[in-house]
Amino acid sequence: MSSNPTAAEAQRRRTFAIISHPDAGKTTLTENLLLAGGAIRAAGQVRARGENRRTRSDWMKIERERGISVSASVMTFDHAGLMFNLLDTPGHEDFSEDTYRTLTAADAAVMVLDAAKGIEPQTLKLFEVCRLRDIPIITFINKMDREAQDCFALLDEIGSKLALDPAPLFWPAGSGGRFKGMLDLRGERFYPFIKGQTADNKPEPIAFNSPEADAYLNAAERAEVEEGALLVQEASKPFDHQSFLEGHMTPVFFGSALRHFGVDELLAGLAAYAPPPKGVEAKRAGVETEVEPGDPEVSGFVFKVQANMDPNHRDRIAFFRLTSGKFTRGMKLKAQNTGKQMSVNAPIMFFASDRELAEEAYAGDVIGIPNHGVLRVGDSLSETGSLRFAGLPNFAPEILRRVRVRDPLKAKHLRRALDGLAEEGVTQLFRPILGADFIVGAVGQLQFEVMADRLANEYQLDVIFEASPYAEARWLSGSRADLEDFADKHKTAMATDIDEGTVFLAKSSWEIGYVQERYPNVQFLRTRERG
């Protein structure tokens, strides 16, 4: 154990995100991980520490209606001497920007695959987001109790499509109606599966070569498992922890989240292999430095802002990932970009929709800081206010729409609401220099639907989205004289974003190519750092 208690506490943290294609079973796996970790007593019921305070997981209305996650959330639980911070990410590709930001706060990711469908388009897109961050990935092949693809084909797909070496730690016995359990490739233990299994009536693991196993496997099934295990061990590289941490290899687990099968083993794998928080590059007063988890100064960054999580209180919570130090409630932290100091008197620890005051937190933990517009996505906070972590990027939107409110008397309310949603990163907001229209940008159509839903439910605004004359947005960079010259000649296409950054709104990608050639000293950027 480290002689530095702050560093020792950080070593106990495992902060991980879950990514998947919609319908691969991510929410079910999340609930069952919480169940395995002792944070809830029945899937869907999240427990705060007081035994008398039990509540059902509460997702956004649109999430419940469509059965998809469209907003990142955080769940914290203690298990096996470790503190787990589970970051649930949006499953839909239209929200890959929110996923990217959430992954900046994660030290590892669990990739959930549907055993029947393998790697789907959204999985691929979200995986690329992980790749950008060099995040180690653990694979969980879900729904083995339904008809599945050939497991060798699934492993080949991971290798070919993701350029990752799959290293299965278990091997399944059949799938669908023939699914009988799985063999631990490291210890010859067999984990039986029974139909209708739940967390409460799960059989205990048994020795594979034992009379007890005969109750679950006949001779042909046993021979099939033995042959598959032998073949996969010959064909796959053995699991190498360092290769996993470097992002070259993924340990593969099998199971059924719905039947709570394989979930305990996945959690044990996260405890054993997922890395604790590590040092983070930063600038201190403009000078490059590395912030270590055990450093005495409390520091971290805001990776998400969420308004109206509690509809009764019109709250606004900044999700703050700690990178160093021991945080205690009531501490004063200073934002690097504004120099504003704030007393964090009511920090929140999350238990899905439930929450309680965080008395202390360490590197790797995520706490919620209630604030009214003071904190933004990408803000760096520390005790001295001198530390700056790399800002979080905004990506150029793929769809641009004009937004109007049906009741003209509510135009002012619309502006405030759009500002709030843009600060959260739900969509991007551009204000043309000429004209009174608001232009909103999104990665995908579903973002507009979520936006309309939230404007109606949280702000009582009935809005319509109309076709915009613009198809592309680019942030501009260059000398002041070059930018002024360009803006003067393209007044009708100039806008500002929520951070007052200069934006060029183009009618087509061809137009961007055309102006780039004509103005070589101006850069047209697809990403812009926030914070």
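These legends walk you through several close-up views of one predicted protein model.

Because the model is predicted, local features need a pLDDT of at least 70 and side-chain atom pairs count only at pLDDT 80 or more, while totals for chains, interfaces and linings use all residues. Residues are numbered from 1 along each chain as its sequence is written, and side-chain values use heavy atoms, with hydrogens and water left out.

**View 1. The whole protein, before we zoom in.**
Of its 531 residues, 57% are buried. Here, buried means under 20% relative accessible area, exposed means over 50%, and partly exposed is in between (1.4 Å probe, protein chains only). The accessible surface comes to about 22,400 Å², and 49% of it belongs to carbon and sulfur atoms; such areas come from the Shrake-Rupley method with a 1.4 Å probe, and for residues only the protein chains shown count as cover. Among contacts (heavy atoms within 4.5 Å) with a separation of 6 or more, 70% are between residues 24 or more positions apart.

**View 2. An open sheet of eight strands.**
Follow the strands in the order β32-β29-β31-β30-β34-β35-β33-β36, with antiparallel pairing. Two strands count as paired if DSSP finds at least two bridges between them. β32 (463-467) and β36 (523-525) stand at the edges with a single partner strand each, so one side of each has no neighbour in the sheet. From one strand to the next, the twist averages 40°; axes are lines fitted to C-alpha atoms, for helices over the stretch in contact, and angles between N-to-C directions run from 0 to 180 degrees.

Strands β29 (residues 399-405) and β31 (residues 438-442) pair in the antiparallel sense over five bridges. Look for I399, which stands opposite A442 in β31. Helix α13 (residues 509-518) packs on the sheet, where it touches β33 (472-477), β35 (502-506) and β36. The direction of α13 makes about 125° with that of β35.

A salt bridge here is a side-chain nitrogen of Lys or Arg within 4 Å of a carboxyl oxygen of Asp or Glu, and the whole structure holds 29 of them. R12 forms one with D78, with the closest N and O atoms 3.8 Å apart. This pair links distant parts of the chain, from the loop between α1 (5-11) and β1 (13-20) to strand β5 (residues 73-79). R12 is partly exposed at 23%, and D78 is partly exposed at 42%. The side chains of R13 and D365 also meet in a salt bridge (3.0 Å, N to O), and these two residues are 352 residues apart. R13 is buried at 3% relative accessibility, and D365 is buried at 0%.

**View 3. A salt bridge between a helix and a loop.**
The side chains of E224 and R178 meet at 2.8 Å, N to O. E224 sits in helix α7 (residues 219-235), while R178 lies in the loop between β10 (170-173) and β11 (181-184). E224 is partly exposed at 40%, and R178 is partly exposed at 44%.

Terms used: Helix = DSSP H or I, 4+ residues; strand = E, 2+ residues; numbered from the N terminus.
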